[in-house]
Amino acid sequence: MKNKCSLKVNGKNITVEVSDTTTLLEVLRDHLGLTGTKEGCGKGECGACTVLLNGKAVNSCIVFAHQVEGQEVITIEGLNEDPKSKHIQEAFIDEGAVQCGFCTPGMVVSSKALLIKKKKPSKEDIREGLSGNLCRCTGYTKIINAVEEAARRIEDEDV
Ligand code: FES
Ligand code: FES
């Protein structure tokens, strides 16, 4: 059965037609063309599809669109508009934490969710905050350094 689903995505109100099994990831990529959010495993295991739902990181591949009716979603594209999130993206580049475009959007979104919760996360906090995001080609050291650096840059800007 087709239903209408209305959400706020990256600050814009949108309405799309979905079935009972349409995922939030499908809405973002297929209906809205927001292809920065990636599909990796499709089972909630890799974190490539991470978005912010009301400020918290979720795997959009295992959330049905009808479950998020009326809620607020921010994708990696939406973070481009936010000056603080720019620090995260730049720190990832400067620290050499970006290897592929596949896991990185999810890593950046999860980092944002972590930095909303905790301004000065420890390495342990960062490991835990990114524990749902898999990268099969790097160690995680540079990624953890990047999140620490982003937190420093955001703090410096706030001073
Ligand atoms: S694609 Fe959603 S967790 Fe892997
Ligand atoms: S850098 Fe993307 S999977 Fe490793």
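Biologist: Which residues does Phe 92 touch, not counting residues up to four places away in sequence?

Modeller: Contact means heavy atoms within 4.5 Å. By that rule, Phe 92 touches Ala 97, Val 98, Thr 104, Met 107, Val 108, Ser 111, Ile 143, Ala 146 and Val 147. This is a predicted model, in which local features need pLDDT of at least 70, side-chain atom pairs count only at pLDDT 80 or more, and totals for chains, interfaces and linings use all residues. Residues are numbered from 1 along each chain as its sequence is written, and side-chain values use heavy atoms, with hydrogens and water left out.

Biologist: Which residues touch the most other members of the largest nonpolar core?

Modeller: A nonpolar core is a set of buried Ala, Val, Leu, Ile, Met, Phe, Trp, Tyr and Cys residues joined through side-chain atoms within 4.5 Å; buried means under 20% relative accessible area (1.4 Å probe, protein chains only). Here the largest core has 24 residues, and Ile 88, Phe 92 and Met 107 touch the most other members. Two or more residues come from each of helices H2 (76-79), H3 (83-94), H4 (104-117) and H6 (141-158), helices being DSSP runs of H or I with at least four residues, numbered from the N terminus. H6 gives the most, with seven residues. Apart from this core lies another, of 17 residues, among them Leu 7, Leu 34, Leu 53 and Ala 65.

Biologist: How many bridges join strand S1 to strand S2?

Modeller: Two strands (E runs of at least two residues) pair if DSSP finds at least two bridges between them. Eight bridges join S1 (residues 2-9) to S2 (residues 12-19), and these strands run antiparallel. Lys 2 has Ser 19 as its bridge partner in S2.

How values were computed: Chains lettered and ligands numbered in written order. Buried < 20%, exposed > 50% of the residue type's maximum accessible area, 1.4 Å probe, protein only.
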